Amino acid sequence: MTNTIGIDAGGTLTKLAYMNDQHEIQLQHFPSNDLPNVLDWINQHDIDEIGLTGGRTEQVKVLLDKVNSIHYIVEFEATLKGVRYQLEKEGYSFDKSIITNIGTGTSIHYMDAEKHMRIGGTGVGGGTLIGLASLTTGVHNYEEVLHLAKKGNRQGIDLLVQDIYQGMDSPTELQPTLTASNFGKVGINDETNYETEDVLATVQGLVGEVITTLSIQLAEQMDTEHIIYIGTTLDNNEKLRDIIANYTILKKKTPIFLQDHGFSGAIGALMNIIE
Ligand SMILES: Nc1ncnc2c1ncn2[C@@H]1O[C@H](COP(=O)(O)OP(=O)(O)OP(=O)(O)O)[C@@H](O)[C@H]1O
Ligand SMILES: [Mg+2]
């Protein structure tokens, strides 16, 4: 029997998906700047057939020239193939949906029974979360960013609609508790000292709100209710998921989070060769 694996080599993380002997999907990721680790893993597991996708495909190919057969699949195809598989496995069924992939950057797709297409994106993504966190607070480690952001509070930094419309009703289409300006209080206050936790929570809010705003607008444009949010940026990050979910629901759309949200591309690359 051939040993088969799907690899999604992304800007930040390289994701692996493979079937164990019980035909259950196993998943793992490595930093993309440490590809020799991926090679070691592949050598140890006697892999001879690889489905490959992602922006770092060429770098992986260079390392894997000994492997018998590599089947390349375009990233968007792989991601949507994986999402279709995951939806079915988790018992979802939609006529149409928006897929927002929050990777290093963010890519947004539309999918229905017949077709899929990329409909937009933004450079604001998981890379922005780490990059801005590091520049504003010096905290570089991803786990630590999450840990501190969780404890933070955005109220002293973000400017809300109700902060602008003081003593009067805000316009009817704007809820008073919506963010009017991410980081907007800083420029109009005398305060210069901010807690690291609060700055990180606010960075996370900015990233989550930009991505959700764009996803919602594209969902409206495509007349679609369900928005499926994927990407490793959602890993262990309940707060980011809450920001995304609450805003999506407020705008009368339905957010969906898949179980293995970071691995759609790798699963799709695997399915492309075993199905
Ligand atoms: N262990 C981790 N190490 C680094 N980043 C992590 C980790 N866990 C979660 N992340 C977050 O996940 C993001 C990367 O997500 P993902 O793996 O989906 O992107 P990618 O596929 O590498 O990038 P792209 O699809 O844009 O090429 C990082 O920017 C970071 O915010
Ligand atoms: Mg990716």
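Strand β6 (residues 96–102) pairs with β11 in the parallel sense over five bridges; strands count as paired if DSSP finds at least two bridges between them. Helices (H or I, at least four residues) and strands (E, at least two) are DSSP runs, numbered from the N terminus. This is a predicted model, in which local features need pLDDT of at least 70 and side-chain atom pairs count only at pLDDT 80 or more, while totals for chains, interfaces and linings use all residues. Residues are numbered from 1 along each chain as its sequence is written, and side-chain values use heavy atoms, without hydrogens and water.

- Five of the five residues of β11 (residues 226–230) are buried, so the strand is largely enclosed by the rest of the structure; buried means under 20% relative accessible area (1.4 Å probe, protein chains only).
- H226, I228 and I230 point one way from β11, and I227 and Y229 the other way.
- I228 is the bridge partner of I99 and also stands opposite I256 in β12.
- Strand β12 (residues 254–257) runs parallel to β11, joined to it by four bridges.

**Nonpolar cores**
- The largest nonpolar core has 22 residues, and those with the most contacts inside it include I102, I227 and Y229; such a core is a set of buried Ala, Val, Leu, Ile, Met, Phe, Trp, Tyr and Cys residues joined through side-chain atoms within 4.5 Å.
- Helix α7 (196–221) is among the elements that give two or more residues to this core, and α7 gives the most, with seven.
- A second, separate core of 16 residues includes A9, V38, L52 and V60.

Key. Chains lettered and ligands numbered in written order. Buried < 20%, exposed > 50% of the residue type's maximum accessible area, 1.4 Å probe, protein only.
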